[in-house]
Amino acid sequence: MIVRLSPFHDVVKSTTHQFLYGECRRVLDDSCIDFAFFPSEAERRRHTGIRGIRSGRKAADFNLLLISNSYAVELLNLPYMLKLAGIPYSSDERRLCNSGPLMIMGGSNALASQSVLYSETNAMVDALYIGEGENNIEHIVRELSSVPENKRREKLMSLQSAVTGLKVFGAPAAVIKKAIYQDTKRELLANAEQALFDSSEASTVRLQIAYDCPSFCTFCFEGWERKPYREIPLSQLVAAAAGLKKKTGADTLEITAFNFNTHADITALIKEMNKLYFQVNFMSQRADILAANPSLVVYETTAGKRQYTLGIEGISQRIRSYFNKNLSEETALQAITILLKEPIREIKLFYIISGLETEDDASDFRQFLAKVGSLKELYNTGIRILCSFGLLVRMPFTPLRYEKLLMTQEEWKPVVEMIRRTTEMARYEFRLTYPYDEYFLSQALVMINRYTGTVLQEMAERDLFYDQVLSEGAWNFFREKTQLDASFSAEKDKNYHFAFDFIDCHTPADFLYQRFLDAKNGKEMPMCLGTKCNGCNACNDSQRTFLGNHTIAMPSRRDLDEVSVLIKAKAQAEPIYLITDIPEIQNHVRNETKEAALMRQLITAIDEGVTTVMTVRDALFGGKMFEGRLPHWYGKTVYAVYPFSNAHRQGLFHSLQNAGFMVSDSEIIPEHISIELSDISVTDSRQLEKTASDILDNMHMPFILSRKDGTTYFTIVPKAMKKHIVSECHIKAGIIYISGSCKLDLSSIRKSSFTAKISF
């Protein structure tokens, strides 16, 4: 069972559970793998426990739980889920009674998950996985599945010395090296088997193009945790993206990386991905690269990008130097100027508040915002510019782990309010990403250096957890139970004992401490891209050579022209109309899930489907015409199938026709449709008559009710028949039959448990 510590709707865009599924599928049959997410409020009220979303089996019945921990406050949900699942909290307890599934936890917060420990040898999980899991998770699953169930705990113990990154609680003390995926010349994530979920994201997939970041921002946990910076070659990415589309039916691709625009083949990537997908989104980018390369901004906006987020991070040059951001005010303003000259809708400026800001820093920020405002008036008055702020969490294994911690509102509020006033006086929106209690608990959880497993267990017993907001009283309870002293909050020296000191992250503590001292003195270190090595010890020789020789291929005039023609051709493509059947099993799924299923069907059925079919949209019952007018439904409908360009249209038409699909050059709107309404929970004839009456009344269709031979007839009066809405309605054998035109409106039962079967 693959377990997420957040509800499904919170992690639906995340790829962690997808990655774990791919690793498991190389060993196990699909039927052997299930998923569980933190239960929603409704599920908690129903006391459903923790069950697989596919099989419905209890978590306690599985052999192995692979748990992903993405961020700190999620850790509260681990003991709470164990309680709901009826699984003993501690690895010692499970080991002694030889019961409960084995539990291995990893994820982006694994290096900061020490709060789940009861002692050095006992934790809420049986093992912790540190680093990148490519191939290693497959190896762990393969080894555990190769032995009988009663031998698996013993087998897991032996794997600590055999698998890089695996810490097994109860195994002999050892230095655990962070696992790094070295073979990035092979694309592994997208080429793996994909699990398909019914969600608003069913038609979107994500492609990781690089690992880590070449920068040395002092605050960035991911940047220090994942070093070295590595790229996946363009050829691998193009092939993986095509395979991903065929396996999932997605029409939208999100390209992911810590810094998207550092990839050497950024230009070709944007172009090639747009040849495969209807929509291509790319997220995080370095402002300095944009500032130095205006042609890249023009290229990206030509390719359809309309929203930009710039990580300015520090409100002044002093704070940016403290953060080692390598971003001057001049460069930031240059990047913003370039963006303002392009047809984009929004710029979000993201900042981190350190708590160390002064009036001088606020003054610098005030002047910066004034300059941005002047640029906006000069170049683009209609654009939306907003400022988003997060409080700095000092993270382990980063230089700022040595910095003093601010653990009270009294310490934070004067600084936050000063920055809020400065922002709002400049007429910008001020957004703070999370409340103080959540911040304080996060900071405590990631920096605690004592055993707090018992505290988290007690919190679970008191139903304290995190679901978008922190349970009331959670921070106060944790603070009182742990009694964090002055030494916890004070600035640390180089000999301070941090948690997980048995983990080797490749970068020595002395290097981190020196970077902390440099940060305090405003001394910055350049990133290792196209320059000499800075000596952090994360890279091997070949990786150092790659970084030193790294260049980014910026777009030429020809590239710009090609992507312009490509995007314009996609925008002008006219659809082909296809009659298809939505199977009954899909009557409760989202439109995105139905679209992805049809895309898979079409791509598989015709030659070159991956590069021919751009996207599909329900043009009838799942479209705007019937929006809000139907309950859950299945049966016939009409889809608009879009080719990549009008040049592909006739070829696609004939390919679909030859594959046996019913297609048309023009829009199909049936003159007459028939609907069968059924609900297995409603069998009483009077209830069915009441439902049918409500439907007709809602459409202002007067009728005469009669009954004969077990059938109820609703005869529409002649005057109403002239409206050409409902032509016939009757009830027989527990089913409501209603026929008419596309003006039919069943919105009165839209939120009921009735299901409509549609035919025409």
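1. In this predicted model, strand S3 (64–68) and helix H4 (77–85) each supply at least two residues of the lining of the largest cavity, and H4 gives the most, with 4 residues. The lining comprises 13 residues, and those nearest the centre of the cavity are Val3, Ile50, Leu65, Met81 and Leu82. By class the lining has 13 nonpolar, no polar and no charged residues. The space in this cavity is about 90 Å³, and a search of the whole structure finds 6 cavities of 30 Å³ or more.

2. The second largest pocket has a volume of about 660 Å³, and of the 28 residues that line this pocket, Gln279, Val280, Asn281, Gly304 and Lys305 are the closest to its centre. At least two lining residues come from each of strand S14 (279–282), strand S15 (307–313), strand S16 (346–353), helix H23 (557–572) and strand S23. The lining of this pocket divides into 13 nonpolar, 8 polar and 7 charged residues.

3. S23 runs antiparallel to S24, to which 5 bridges join it, and Arg617 stands opposite Ala640 in S24.

4. Which residues of helix H26 (residues 649–658) are buried? They are Arg649, Leu652, Phe653 and Leu656, and seen down the axis of H26 the buried residues fall within an arc of 105°, so they line one face of the helix. As background, an α-helix has 3.6 residues a turn, so residues three or four places apart point the same way. Gly660, which follows H26, has a positive phi, near 95°.

5. Asp607 is placed in the loop between H24 and H25, and it counts as exposed because its relative accessibility is 71%. The C-alpha atom of Asp607 is separated by 9.4 Å from that of Leu652, although the two residues are 45 residues apart along the chain; Leu652 is one of the buried residues of H26.

6. Leaving aside neighbours within four places in sequence, Ser203 is in contact with Ala250, Asp251, Thr252, Glu592 and Ala596.

7. Some backbone angles deserve a careful look during review. Most residues other than glycine have a negative phi, and most peptide bonds are trans. Lys227 and Pro228, however, are joined by a cis peptide bond with an omega of about 15°, and Pro228 is found in the loop between helix H8 (221–226) and strand S12 (230–231).

8. Positive phi values in residues other than glycine include that of His47, near 55°, and that of Asp709, also near 55°. His47 lies in the loop between helix H3 (41–46) and S3, and it counts as exposed because its relative accessibility is 71%. Asp709 has its place in the loop between strand S27 (703–708) and strand S28 (711–716), where a relative accessibility of 74% means that Asp709, too, counts as exposed.

Definitions and conventions: Residues numbered from 1 in each chain as written. Predicted model: local features only at pLDDT ≥ 70, side-chain atom pairs only at ≥ 80, totals over all residues. Heavy atoms only, no water. Buried < 20%, exposed > 50% of the residue type's maximum accessible area, 1.4 Å probe, protein only. Arc of directions from axis to C-beta. 1 Å grid on protein atoms, 1.4 Å probe; cavity = no way out; pocket = protein on both sides within 12 Å on 5 of 7 lines; lining within 4 Å. Points joined across faces, edges and corners; volume = space filled by probe spheres on them. Nonpolar A, V, L, I, M, F, W, Y, C, P; charged D, E, K, R; others polar. Pairing = 2+ DSSP bridges. Contact = heavy atoms within 4.5 Å.
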